[in-house]
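Here is a friendly briefing to read alongside the model. Please have the sequence and the 3D view open as you go.

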Amino acid sequence: MPAGELRHTSPPPPPPDTEEEEGCLWSEIKAEARRDAEAEPSLASFLYATILSHSSLQRSLSFHLGNKLCSSTLLSTLLYDLFLNAFSTDADLRSATVADLRATRHRDPACVSFSHCLLNYKGFLACQAQRVAHKLWTQSRKPLALALQSRISDVFAVDIHPAAKIGKGILFDHATGVVVGETAVIGNNVSILHHVTLGGTGNTVGDRHPKIGNGVLIGAGATILGNVKIGDGAKIGAGSLVLINVPPRTTAVGNPARLVGGKEQPTRHEEVPGESMDHTSFISEWSDYII
């Protein structure tokens, strides 16, 4: 079989709880779409084409991504088959999609419904497309993975290398201007705001990008450079420049960033900021903060 030919194989059955959770969420999404179609008839055909005409979440998402990312030379039908093949044969991809939908709905008060996230949140859509590109990358289909990265960047203004590893329960909030380098790793239940860069220092090769732990919150405009580790549950303040490791459950803020409470005994928090979305509680403990 030619290397570029799509392979439709029978996927292994997912665990019952995963399949049940996906089915329940899909039923809720369809109910939301019917409600919105009745409330706003001008969207009825759009909602039918993107959600109501499909039998599953993976088919709806594949159709929507295919239409979003297609071009005159990269056809929507090809992309639909590509995405559907990936989601249908990989239960982990589907599980991550469900976790991302729930994370966005729970953490972002502006997200009014699951269907709103599925159709309109470009950070969510870019993340799902990148996961498929990553799957292609690991299958040594690198030209196609890079072509997909380019389309994701063009359409969503989110540039994530297909080799980057991303966990689940991810929120890319607003997402415009997010850049994630080739060897970056993002853990589970992480929230990242717009204009965040996880980049290299520019003078190294190999493993050269940040490693983001579980439950991390990275504020808008933050830049993290080099093969540094951001510990589980850490918080990076908006606009910060981070060049060294950040311990778990601490807050780093400033340019260059420093730890709230000091380097020797930094203040530690109990909550998981990637889930609580608490951006500013550190200010009351930051003696240098002046208004």
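At 0% relative accessibility, Ala175 counts as buried, where buried means under 20% relative accessible area, exposed means over 50%, and partly exposed is in between (1.4 Å probe, protein chains only). This is a predicted model, in which local features need pLDDT of at least 70, side-chain atom pairs count only at pLDDT 80 or more, and totals for chains, interfaces and linings use all residues. Residues are numbered from 1 along each chain as its sequence is written, and side-chain values use heavy atoms, with hydrogens and water left out.

**Backbone points to check**

- Ala175 lies in the loop between strand S3 (171-172) and strand S4 (179-180); helices (H or I, at least four residues) and strands (E, at least two) are DSSP runs, numbered from the N terminus.
- Phi of Ala175 is near 75 degrees, a positive value in a residue other than glycine.
- Arg249 also has a positive phi, near 60 degrees, and is not a glycine.
- The loop that holds Arg249 runs between strand S13 (241-242) and S14, and Arg249 is partly exposed, with a relative accessible area of 30%.
- A cis peptide bond, with omega near 0 degrees, leads from Asn255 to Pro256.
- Pro256 sits in the loop between strand S14 (251-254) and strand S15 (257-259).
- For background, most residues other than glycine have a negative phi, and most peptide bonds are trans.

**Packing of H4 on H7**

- Helix H4 (residues 76-88) packs with helix H7 (residues 122-138) at an angle of about 80 degrees, and their axes are 10 Å apart.
- That makes H4 roughly perpendicular to H7: angles of 65 to 115 degrees count as roughly perpendicular, under 35 as roughly parallel, over 145 as roughly antiparallel and the rest as oblique.
- On the H4 side, the contact is made by Leu82, Phe83, Ala86 and Phe87, and on the H7 side by Gln128, Ala129, Val132, Lys135 and Leu136; contact means heavy atoms within 4.5 Å.
- By class, the contact of H4 with H7 has 7 nonpolar, 1 polar and 1 charged residues.
- In that scheme, Ala, Val, Leu, Ile, Met, Phe, Trp, Tyr, Cys and Pro are nonpolar, Asp, Glu, Lys and Arg are charged, and the others, Gly among them, are polar.
- The axes are lines fitted to C-alpha atoms, for helices over the stretch in contact, with angles from 0 to 180 degrees between N-to-C directions.

**A closer look at Gln128**

- Gln128 belongs to helix H7 and is buried, with a relative accessible area of 1%.
- Not counting residues up to four places away in sequence, Gln128 touches Leu61, Leu65, Phe87, Ala96, Thr97 and Asp100.
- The side chains of Gln128 and Arg131 are joined by a polar contact of 3.1 Å.
- A polar contact is a pair of N or O atoms within 3.5 Å; within protein, one must be able to donate a hydrogen and the other to accept it, and residues adjacent in sequence count only if both atoms are side-chain atoms.

**Cysteines**

- The structure holds 0 disulfides, a disulfide being a pair of cysteine sulfur atoms within 2.5 Å.
- Cys24 is in no disulfide, and the nearest cysteine sulfur, that of Cys117, is 18 Å away.
- Cys24 counts as partly exposed at 46% relative accessibility, whereas Cys127 is buried, with a relative accessible area of 1%.
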